[in-house]
Structure formats: structure tokens, C-alpha cells
Amino acid sequence: MAESTLLPDLGTQIIIPICALVGIAFALVQWVLVSKVKLSTDKSSSADGKNGFTDALIEEEDGVSDHSVVRKCAEIQSAISEGATSFLFTEYQYVGIFMVAFAVLIFLFLGSVEGFSTKPQACTYDSTKMCKPALATAAFSTISFLLGAITSVVSGFLGMKIATYANARTTLEARKGVGKAFIVAFRSGAVMGFLLAANGLLVLYITINLFKLYYGNDWEGLFEAITGYGLGGSSMALFGRVGGGIYTKAADVGADLVGKVERNIPEDDPRNPAVIADNVGDNVGDIAGMGSDLFGSYAESSCAALVVASISSFGINHDFTAMLYPLLVSSIGILVCLLTTLFATDFFEVKTVKEIEPALKKQLIISTILMTIGIAFVSWVGLPSSFTIFNFGVQKDVKSWQLFLCVAVGLWAGLIIGFVTEYFTSNAYSPVQDVADSCRTGAATNVIFGLALGYKSCIIPIFAIAISIFVSFSFAAMYGIAVAALGMLSTIATGLAIDAYGPISDNAGGIAEMAGMSHRIRERTDALDAAGNTTAAIGKGFAIGSAALVSLALFGAFVSRAAISSVDVLTPKVFIGLLVGAMLPYWFSAMTMKSVGSAALKMVEEVRRQFNTIPGLMEGTTKPDYATCVKISTDASIKEMIPPGALVMLTPLIVGIFFGVETLSGVLAGSLVSGVQIAISASNTGGAWDNAKKYIEAGASEHARTLGPKGSDAHKAAVIGDTVGDPLKDTSGPSLNILIKLMAVESLVFAPFFATHGGLLFKIF
């Protein structure tokens, strides 16, 4: 008899849902606090002084009566919110059709493995036992795919709603000082982070328990069916990321090129026709896309860990608590992030601009340290002291402290990647300042320096990922890598909070400019936004690092499931797969970059047309036609997101069916290896160019003032760099990590089919 865990199964059944509900409750509390900032003009609102809703405004607006400003902010906010909602609904209609079609595919492919028979079959890993029929796995995989997809869509949509709710409130609070604005933006980011982490956990937990009613003791089949959840989450994230990314960048590039470079009007000037589309884009790309993306990573790393665990001693001995170890880690993660969030909002107050970035960095450090303790506790109560883990056909003996180290290694690797990203993209450090300095001699040198910075920024993150892979694989094989990925994502609520904070403060700045608020307020929102750019880059670093680990874990599960004993690089089947796989991220990036380019072209033409034909637009006497620009962005992104999406979704199917599992394993390895590099360099290059431009605009140091002011030649060169970097950091870069994960999880879901019916071409010859 195997050793039991300290935590009884009933305890697990209670702890996981309670942690999830606590997370949801905390999100609602934060939302209530944000909603206390009034967007109407009544003066009667009173609240406690701590969160400062009653503090007198530090300075009355220069000659602008309060009422008109508040009313203007509310108008702009509703325009942004409507634009974002209508775009997401349009996108979800198209994605919904795809979802249903793909669900049918899953059912047909997986059902055909045993010729749609309803009789029990011998288990894949233990032929002495009988398992549920393949048809059941097909049906349940389809259900979990749809559940994952719906959860992913809801996560993105809720995030967008909260962000558009909070942006104008951040602007209004900025009148009272930078600290108040920071708290509103941060709280609303926290709402999104906690809702997403808790929802992902709760839905997965309920799904496992419902499927268990049918599967009973067949845990191998049960957790194989659960992998559909990760596939659903990521396939929605792909379309959200690509569609949202194309939308936001078409508008951004169009607005910048005509507004700032040709017409010399400031960013977010209300005279610019593309300005509403630009602000809508921040919400649909950075918030809705990012939310779905991290939810997908989370779902997949959980699924990868569960699949491997179900064929290890946890699954064989039916040890429910140890089996759900990945979910326990995430549950503790929610509690840890809750404590961490209080550090930013309640225990310490941000008072000056200089304290913003350190406050966000502290979030990462505090959550990582507390989480290390949390993981140690969970590993102590939730795991037997020794157990075996499935390792390519053999069972490997593992101790519980080794598994703790696997999770901790992933967690700390995430922190290292976050800090390296911050060093390369924050304008407080020399890399970005060097890029800004290179703008003296024009745009060309700026582009050269920026590209070099991006390539250089890959070095340490790749070593961090490599070390964590080596350590976790040596200790606990593929399960170790899966839980390392979970470790990196265990503080997802905090990660998302500081990530969503970026676009919210970006929008707040845009609203301040459009509402014609004073110069001082714009300076404050710019400071919030520059910190937000860096945290967004950190968030992308996390997403990419975790994607690499998740993908490798899924790859391991796929190789086990497809019954490949070893992947030999020297066989031609595998090697051609490696080459083609390494090419895919380039093909995918080419598609997304060109989509942004062609959509931006349409946008530039439209903005020019309005400036040239609408009388009184430059003087500010007539309003531009915002709606046409929003429509251009929407149409372009819906049309352009289909080809890259199809490339990612169809590649594993085509390779698996025609070339078989060995070539497919080559393709997965190749895309993982090259995708991670491109994703890191693209995100960091774009982030550095953006902050180099902000560095010149802010003119905070002596060096920055020699390059400025806005409109100088160096500043124009910086704007061009920023415009080139936009599709890199917000479309190609972040979508690549989904490409890596999605191909792996899709191969895993279809593995039974590929193993029985795949490799048609090689069978013919």
C-alpha cells in the first residue's frame, strides 16, 4: 500500500473551491472600491478618507469647471467601452463558428480511433485493465474543449469590461495626485487577475468532479479527456491575441504616423480621427487578449501535469489529493496573491512618481517569496513522502521535496525572466537610454540599436528556462516540467494585475488628453503609463517563459500518449519536422506583421482623408468621424486573424495525419525552440522603443532634455522606432507563445488518432 497524504481527500474537495470563491469575492471587493470613484457630477459622494474619495482636489483645474471635465471623461469612456464591446462581439461570432466546427472535428477524429465502438477497451498504459471506450473520451474531450473555450472568452470579456470601467476613473483620480490614480488602476487590474485565476481553477475543478461521475476509477481516460480544456482555452486565446493585436496596432500606427509625424499634434489629441480606435485597441488587445492567453497557459500546464500524474502512482493508486496537487498549488497561489495585493493598496501608499515602478516590482518579489512558502506547505500536506512518476515507459521514484523544488525552480525562473525583461525595457536603465541616445542620428540607428537590444535580451531568460528544465526533469521527469510551468503561473493573479494596470493607465492618459485636462495631469498619467509599459513587458516575459515550459510538458505527454519511445533527431522523419517547425514562427510573424501593415495603411489613408477634407478639423471646431476608423480596425482584424489562426490550428492536423507522430514531434520541438527566441526579442525590442520615446518626451533627466522636446528630430526618430516596434511587441511577439503551446496541446488531444491512423504518406511508400 502506498503512503497516504497528510491532507485527506475530503480536505482537498473543500479547500480548492473555497480558495477559488475567496478569489472571486476579493475581486468583487476591489471592484466595489473602484466604483466608489464617481463618474457623475454630484458632489454628495462621501467615503472614508483613506482611499481618498473625499479629499479636496489638490488644485482646481486651471479655469476649467469640474463638471464639464467629468462629463467629457464619462462620454469618452462610454465611446471606448462601446467600441470594445462591439468589436469583441463581432470577433466572438466568428470564433464561435470556428469553435463549433472544431468541436465536431475533435469528436469525429477521436471517436474513429476504435471505429466508434461503445465497448470498453484495454487501457493504453496497462493492458491488463479495462478502460472506458474511445468514444467516451471523444465526447468528453469535446465537452471540455467547449468549456475551456467559453471560460477563456469570458475571462477576456470580463477583463475588458473592468478596464473600460476603470480608465476614466483613473483619469479623474489623477487630479488628486499620482498615488490615488495608481491605486484605482491597480485595483481594477487586480479585479481581472483574481477573477481569471479563480474562474480557471473553479471550472477545471468542477469539470474533473463531473467527469469522475462517469469515469469512476478510469482516471487515465478521465484526465485524457480533460486535456480538451487546455485546447479550448488556448485556441480562443490565439484568435483573441491575433485579432486584438491587429486591431490595436492598426489604429495605433495609423494615429501616430499621421498625427504625430505629419501633423505635429500630440498623442491622443481629440482632433485625430483614429484616437478612439487606438484606445479601444488597448483594451481588446492587451487586456482581453492577454487574459485569454494567460488563462490558456494556466489551463494547459494544469492539464499536462494531470495527464502525466494519472499514469503515475497518484493515478494508479487513486490518490485524489496527490492527483490534484497542481490545483492545490494554484489555490494557495490565489491566497498568496491576495496578501500581496494588499501590500500595494493598503499597507504601503504610493505618493510620488518615483515610487510607482518599485511598488510594482515589489509585487513580484513579495508574491514569489510568499509563494515559495506556500508551495512548501502544499508539498508537505498534499503529497506522499515518496511516489513514482511515469517517465517514458518506466516509473521513476521521486520524493516530495524534489517536487517542491521543481515548482520553486519554475517560480523563481519566472521572477528572473521578469526582472531581466524589466532591465531591458524600463527607461530607468542604460539599455533603453542607449536606444534613446541613438535617436540623435535619426531613425535608422534607433532601429539598429533596438533590434540589437531585443536579441541580447534573450540570453538570460533562455538560460533561466534551460536551468529550470534541467533541474525539474532530473527530479521528476515530464511531471516536473509541468509543475515548474505551474510554479511560474502560480502567482498569475498578481502577474495579471500588474499587466492589466498598463493598458488601464494608457487609456487614462488618452482620456486626460481628449478631455483637455491640464498639462500636470497628463504628466502624472504618462508616468503611470511608462511604468505600465514595463509591467506589460514583464507580463509578456512571464507568458513566454511559461509557454516554453508548458509546451515542453505537453510535448512530453504527447510523446508518452503516442507511444513513441524516443525522438531521434538523426532520423530524416524527425529532422525535416525540426526544420519545418522552426520555420513556422517566422511564417506566422510574417502573416501578423503584414496584416498590421496593410490595416495601418488603410487607417493612414482614412485619417489623411479626414484631415484634408473635413473643414475646421485641425482648428478643433468640428469633430472627426471616429466611427469610420473603428470600423476599419474591426474589419481588418476580423479578416486578417483567420489565416494565422488557420496556420497554427491546421499544421498539427496535417503533419499528424500525413507524416505521422515522429515528424509531428520534430515540428513541435522546432517551433518551441525558435518561437521562444523570436517572442522574447520581439516583445523586448518593441517595449524598449516605446519607452525610449517616452524617455525623450518626459525629459526627466539632463540627458533626456538634450534629445527633446516633443517634435525635435530625435523625438521624431523615436516615434518611428516606436511605430515599427508596435506590431512586434503587441501582435507578433505575444501571439507566438500561443502558437508554441497551442500546437503542443492540440497534438496531445489528437494523439490517440495520430497514433492509430496517422502517417498516411509513409504508409503508402
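Me: Which element gives the most to the lining of the largest cavity?
Reply: That is α16, with 5 residues. A cavity holds 1 Å grid points, over protein atoms alone, where a 1.4 Å probe fits but cannot get out, and lining residues have an atom within 4 Å of a point. Helices are DSSP runs (H or I, at least four residues), numbered from the N terminus.

Me: What sort of model is this?
Reply: The model is predicted, with pLDDT of at least 70 needed for local features and 80 or more for side-chain atom pairs, while totals for chains, interfaces and linings use all residues. Residues are numbered from 1 along each chain as its sequence is written, and side-chain values use heavy atoms, without hydrogens and water.

Me: How many residues line the largest pocket, and which lie nearest its centre?
Reply: The lining has 29 residues, and Val 353, Ala 527, Ala 530, Ala 698 and Ala 700 lie nearest the centre. A pocket is an open set with protein on both sides within 12 Å along at least five of seven lines.

Me: Which helices each supply at least two residues there?
Reply: They are α10 (356-382), α16 (519-561) and α19 (642-698). The largest share, 9 residues, comes from α16.

Me: What follows α19?
Reply: Gly 699 follows α19, and its phi is positive, near 55 degrees.
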